[in-house]
Amino acid sequence: YAASNDFDEIYYTDLLRDLYHFDIGDEAPELIDRKSQIAYTEPDFSFIYYLKEGVLHKLTSGGENTELATDIYSAISFYPGGEAFYVKSTSTLLSEYVEDDMLQADEAITQEPMAPLEPSAEDFGSDAEYRAAMEEFNTEFEAYMQRLAVYEAKKARDDIRDLMASEDNSIKDYSLYYFDGSKETLLSDLYVTTEFMTGANISDVGPMYEFVAYSEKPEIEKFKLSGYDDFYALQEDIRDALTAEYVSYLAYKGDVVRLGENVGIFRINDDGDTAYYLLNDGERGGDLYRITVSGGKLGQPELYDTDVSDIFYVSSDGKTVSYCKNLTDAVGDLYVNKEPADTGVSLIDANVVMYSMNYGGYIEDSDTLVYMVDVVDGVGTLKTYRDGKTEIIAENVKDYYVTDYGQLIYICGQIDNPGALYVYDGSKSALISEDAMAIVPIFSASR
């Protein structure tokens, strides 16, 4: 369902997936459409999008219902104003990739061959006559087995033909589109389905989306049906032949920029206008790139740094980025705030334990980075970095977390024993409990 902020108005679907609208003061809900699903609601409730059988509808608060796009396979994301990314699909029957070189021969085989009748000794007056009959039978039986093998192979090919003609077994091609609220723009007709999508590669505030597509659509020779007696082997060979290398792209609205074939970690800032990503290069890590939106247009990737192993945090405005270099056995050097005009980076601290960064070690309001160093047996020193300076918050720390409100909470003690739980407000620490085992974050439903 989708409800207005004051809950005076609501759209919902029932168990039959029928879409209704209800306004406070109405006597009964109003049926909008059958077999539908709510796709997006504008924050001011001036319109909603809903999907029905692959068709995207726009329903305004005044009751105007308009079909916006058709043949939608899946919706990826929607944005205020009605912008969206979605996917369409087309199907090609497997038979389009197969040369049926046995069709004429198989059509000539109309029935299963009959096995010859084996002679009985009782029907012959002598052993010699019986042996002669058996020799003739054996010759006929061998020929029968050959005809039966041909017939069985024909039946197997008939089964393959039936399966190739089924839409369920067809080859699916996917195309990614951007919709600006009134018209759609094709971004890629070689899109790889959303199984590759993670929360890190799409913005939830603006139409920026890192996606994966094939580098090309291979031109393949048709497979000869005579070479197969198993449908699934044929299907796998066709799919393998049609598979090309994956390439990552970044879309912003209708603009698309190629990122590369070995994109690893990818981060979009909260404002949805800056992205950082790694182009992996084997053992040495990779090159760190930045790409920004300026004047409503997506720029080109800029090399930000080299030999980078990981990206940790990007601030909301995209101007603060922290990342790891010189990684060895989960310990590396942490870098932050290398401005585009700079020739170097600011080394914060050697021996930074990178896995501790997974807890969320960045306080947005004060532009403070939180991390741990010198960890032994799961316990180390908790530090912060702000305005070019490092500060030790506490030693003997086994766990920490930065809350949504910018508070730093941490536990001091041995890894397997209860410890002292503290909260740090930016200037001093206060004891909360002396018997804490671990910090368990609870996220709000809006996160």
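The model is predicted, so local features need pLDDT of at least 70 and side-chain atom pairs count only at pLDDT 80 or more, while totals for chains, interfaces and linings use all residues. Residues are numbered from 1 along each chain as its sequence is written, and side-chain values use heavy atoms, leaving out hydrogens and water.

**Salt bridges**
- The whole structure has 16 salt bridges (a side-chain nitrogen of Lys or Arg within 4 Å of a carboxyl oxygen of Asp or Glu).
- One of them pairs K224 with E99 at 3.1 Å, N to O.
- That pair links distant parts of the chain, with K224 in strand β15 and E99 in strand β11, 125 residues apart (strands are DSSP runs of E, at least two residues, numbered from the N terminus).
- K224 is partly exposed, with a relative accessible area of 44%, and E99 is partly exposed too, at 35% (buried means under 20%, exposed over 50%, partly exposed in between, with a 1.4 Å probe and protein chains only).
- D173 and K217 also meet in a salt bridge, at 3.4 Å, N to O.
- Here D173 sits in strand β12 and K217 in the loop between β14 and β15, 44 residues apart.

**The loop between β18 and β19**
- N269 lies in this loop and is buried, at 2% relative accessibility.
- The N269 side chain reaches the backbone oxygen of S316 at 2.7 Å.
- D270 is in the loop as well, but is partly exposed at 48%.

Key
Helices (H or I, at least four residues) and strands (E, at least two) are DSSP runs, numbered from the N terminus. A polar contact is a pair of N or O atoms within 3.5 Å; within protein, one must be able to donate a hydrogen and the other to accept it, and residues adjacent in sequence count only if both atoms are side-chain atoms.
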